[in-house]
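Have the structure open while you read.

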Amino acid sequence: MTRIVALRCEYAQNPLGIDCEYPRFYWRLESSQRGTRQSAYQILVASSPEALAERTSLLWDSGKVHSEHSTHIAYAGPSLQSRQRVWWQVRIWDEQGQISDYSEPAWWEMGLLQRDDWRGQWMVVPEPEQAAAHFSPHLAQQSGVLAEEIERWQYIQAEFDEKARPCPMVRKEFRVGAGLKQARVYATARGLYLLSLNGQRVGDDYFRPGWTDYHQRLQYQTYDVTSLLVPGENALGVILGDGWYRGVMSWLGQRNFYGQAVQALVQLELEYSDGSREVVVSDESWKTATGALQYSDMLMGEAYDARLEQPGWNQAGFDEAHWQAVTIQPLDATLLVAQYGPGVQKVAELTPQQIRELQPGTYLVDLGQNMVGWMRLRVTGPAGTTVQLRFGEMLQSDGTLYTENLRTARATDLYTLKGGGEEVYEPHFTFHGFRYVEVTGYPGQLTNEHITGIVVQTPTPPTGSLLSSNAMLNQLVHNIEWGQRGNFLEVPTDCPQRDERLGWMGDAQIFARTATYNADVAAFFTRWLSDVADAQSPEGWLPNIVPSIIDPKAGAPAWADAGIIVPWTLYLAYGDTRLLARQYTSMTRWLEFLVEANPDGRWRKRRNGGGEGQWDFGDWLSIEAETPKDVVADAFFAHSAALLAKIARVLGREDDAMRYDKLFARIQTAFQTSHITSDGRVAGETQTGYVLALRFGLMPEALRPIAAQHLVEDIQRRGGHLSTGFVGVAHLLPALTENGRVDVAYQLLLKDTFPSWGYSIRHGATTIWERWDGWTAEKGFQTPLMNSFNHYSFGSVGEWLYRYAAGIETQEMPEAAFKQSILRPFPDPSLQRLRAVYDSIHGRIVSAWAYEESTFTWQIELPPNTTAAVYVPAAPGALINGQEAQVLREEGITFVRREENAAVYTVQAGHYQFMVSM
Ligand code: RAM
């Protein structure tokens, strides 16, 4: 019997408050039988669960649709109204025409779709007095650091101290009558907001309304607050933080980037059983004051003085006589959009592995894991005692906290006790990237019970797990996953700790495919890609950073190209053609903008904004190798053209596709003429040069073997070490594997001498480092000017682990998203066992192989409603399950052909085992 599970709408489980007119449905099939397939489906949509159950007055009945598709099925019923909640379920016919039961019902609810649905206004808070700063100076001056830079950091910090302001609170009391049926809050802010109702926090998400370019798009959130309300008097309370809106941003120390004054917009809608409605909105009747939050800044940290709390401020009956009136600004709702995907949430708690007392009252806490979030502190002591928490990723050689690499980011939280019992504190509007915490001024003995690491991120449900017989490799996988966890916070950030934390496009594109294996990042990237399109300049520039806060007209090769590469990657992983269509204008504008200035197929103009070269990164952070920037630029010019041709084809735009094919051919020729010699050498003769030429289809077919040989020789000359930077790294192992040198790929993977992935692991890394030489035994730390220990780019080797080592790959056309998988592992005896599990959008795919004496065993699992081309690695003459490859016959398996080192089969959904012996 086939069961239908995992119903999703716009990638979410029962989303509340969406503004997508024709949202899309997703489901998965569960079956214990081999070969289960869907031959048709029927979707029902109704206004209530009852109507759905009775199948009467349905809003939409798709009827029986003959289709195998179970993803991205768009709702096609009548337009839905603001606030409307609808219920849906689906049944399917299997391959034998058997009808399944209907799934459990699921729902989605529309947000506010019309501008005039908004009745609230912006509440602007009068600027409160400046907060006093009370820091203990800690910015150690160390030799080796550019003195001027330190001075600049100190200047920015001092300026912060001068200008930091307490976080305003706003409140409003209102009455709820009898017979309340349901209530929703629609809210957003310029700044960050924390909403409470009757003293209780609304929602479990953080840093709302999230980060978009607030000048172009501002998300609002929808919360179901029915259960928080009581008949009679109630109170709404909002605390406002600076956040991205006006807090300190980037190494430039920008402040008030989006605006000067924080503002809130709140609309509470009450619906009674008799059908009547009431609405409580932000207007001039709200009152404001400040309280315990002295300041809260994402980079600098937070200061909270519990003595200044205003108990009961967000509950009814509070005396607000001393509170001030807010001022009002009319609302233009044009920029408001519903939040897409979930907001930042707590995803884990970490207990310290070790707490050392450095001196009386000063402790050093080691969480054993470089993480992103904050600490929850429990403390008992006299009123007025201040506990200081400083955060860092590493320790200095004397065992004290290392913070210089945070640059301007002071990353310090201060909590001042109110006294009178145990107090529990967590910061509100800041986060840190750290493994170690220095706690100063703690009254009493600090133990594990008093301090806990709170890990936060934008929720992206894990979809991948990879386990091998090699402990170092397992740690690498762990580090890749934690690098992703720590940097998928609202936007794909480069790093989470120093004064940067920006949506660097180069990092995003190189890591995106790995990210899709590790976690369900569909909604996360879908949202961010609308920011990418927003960030495009009128002429066509895509920037290097999105949201764009540095230089909007400065698209560098391999950075700006994320605007094409990431949508394509999402298409591969999730099959999202609507996303491709949505981004299409942005992608073509970018490429045409380049073509216009570079008709000869060499990307020489429009490469770095002003042309000064400052934003032309080349193979960023490569090690002892300098790939010519022209090679990188032309390779990505070609790659973007090739991808755009594919994208056009997926979208059925054959004319465009042919045009971009031709463009690719032109760039390819230009590349070969300018950068490739007749004996297969790529200008610069670097690993990155070779792998880009090989992987992007730029190396003439006949020269591929010799080019691959040059690549391998370079690796060997370096004692089996890599030299790739951000641009080449993800392509290195795939290039070797595709060109017959999987052995070398494994050598690089498993190496632990410098430079290698293993080197950082041998020295205790728990996340991926920004630089191969972030720390070395010979030289210690790299310059603090740029040295993050949680930067995912080099973790992009994860893609190779899933796609090549384990061999879990999708067909691209006519469909992607593992509807038709290609299971083709590339094992190597240097690794005894590997098991990869990947929860694709169609369900679980498993590939697990092992070398056991003279047998190679491979187990696979394919989800219902999918098929795969399966490549069993077997040399000619080898027996598969005791039989010759050609004659192997089993239910669900069909022999297709013999390849040099593999027997190819078509396989239906199910579990299979292949034993290969000579
Ligand atoms: C660094 C960032 C990022 C990289 C750019 C070029 O400052 O951390 O990782 O993409 O530079």
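**Notes on the model**

1. Charges first. In this predicted model, the protein chain carries 79 positive and 107 negative charges, and their mean positions lie 3 Å apart.

2. On the overall build, I get 16 helices and 48 strands in the protein chain. The radius of gyration comes out at 29 Å, close to the 29 Å that the globule rule gives for 918 residues, so the chain is as compact as a globular protein of that length. If you want the extents, the C-alpha trace spans about 90 × 75 × 55 Å along its principal axes.

3. Of the 918 residues in the protein chain, 63% are buried.

4. What about contacts along the sequence? Taking those in the protein chain with a separation of 6 or more, 75% are between residues 24 or more positions apart.

5. One residue I'd like you to look at is D213, in the loop between β14 (200-201) and β15 (218-224). Which residues does D213 touch, leaving out those up to four places away in sequence? They are Y258 and P547.

6. Staying with D213: which side chain of opposite charge is nearest to it? That would be R217, but R217 is 8.7 Å away. With a salt bridge needing a side-chain nitrogen within 4 Å of a carboxyl oxygen, D213 ends up buried yet without a salt bridge.

Note on methods
Residues numbered from 1 in each chain as written. Predicted model: local features only at pLDDT ≥ 70, side-chain atom pairs only at ≥ 80, totals over all residues. Heavy atoms only, no water. Helix = DSSP H or I, 4+ residues; strand = E, 2+ residues; numbered from the N terminus. Rg over C-alpha atoms; globule rule 2.2 N^0.38 Å. Buried < 20%, exposed > 50% of the residue type's maximum accessible area, 1.4 Å probe, protein only. Contact = heavy atoms within 4.5 Å. Lys, Arg positive; Asp, Glu negative; His and termini not counted. Charge placed at Lys NZ, Arg CZ, Asp CG, Glu CD.
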